[in-house]
Amino acid sequence: MSIKIAYIIDSLNTDLAGTEKQLIKMINGLDETKFKKKLICFSSHPWFEANVSSLRCSSAVIEINQFKALSTYLNFLKLIKFLQEYKP
């Protein structure tokens, strides 16, 4: 049985910066036979879209970035539902 991990980050727009670089190293460094990994970003970015295939995990973008928009709160519900179902 593999351990489920959900990584959540506001955006992933480079592999050179500190947090982003460490997250990518962690995702790609964990054994895929022991860990089931999922990356959730709160906003999309051209770098992320171009490089998502190089990440050794599944990923999703759940747009949570404008608190004045109703869609943000609906996306919060999507995030909660995902976490309840995935059970990391």
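**Exercise 1. Work out what the buried residues of helix 3 pack against, and how they sit around the axis.**

Some ground rules before the solution. This is a predicted model, so keep in mind that local features need pLDDT of at least 70 and side-chain atom pairs count only at pLDDT 80 or more, while totals for chains, interfaces and linings use all residues. Residues are numbered from 1 along each chain as its sequence is written, and side-chain values use heavy atoms, with hydrogens and water left out.

- Step 1: the buried residues of helix 3 pack against strand 1 and strand 2. Contact here means heavy atoms within 4.5 Å; helices (H or I, at least four residues) and strands (E, at least two) are DSSP runs, numbered from the N terminus.
- Step 2: list those residues: Thr72, Asn75, Leu79, Phe82 and Tyr86. Buried is under 20% relative accessible area, exposed over 50%, and partly exposed in between (1.4 Å probe, protein chains only).
- Step 3: they cover an arc of only 70 degrees around the axis, which puts them on the same side of helix 3. The arc is taken from the directions from the helix axis to the C-beta atoms.
- Step 4: an α-helix has 3.6 residues a turn, so residues three or four places apart point the same way.

**Exercise 2. Check the span of helix 3.**

- Step 1: the expected span is 1.5 Å times one less than the number of residues.
- Step 2: the 17 residues of helix 3 should therefore span 24 Å, and the end C-alpha atoms are 25 Å apart, which agrees.
- Step 3: just past the end of helix 3, lysine 87 takes a positive phi of about 55 degrees.

**Exercise 3. Find the largest nonpolar core and what builds it.**

- Step 1: such a core is a set of buried Ala, Val, Leu, Ile, Met, Phe, Trp, Tyr and Cys residues joined through side-chain atoms within 4.5 Å.
- Step 2: the largest has 12 residues, including Ile5, Leu23 and Leu39.
- Step 3: strand 1, helix 1 and strand 2 are the elements giving two or more residues to this core.
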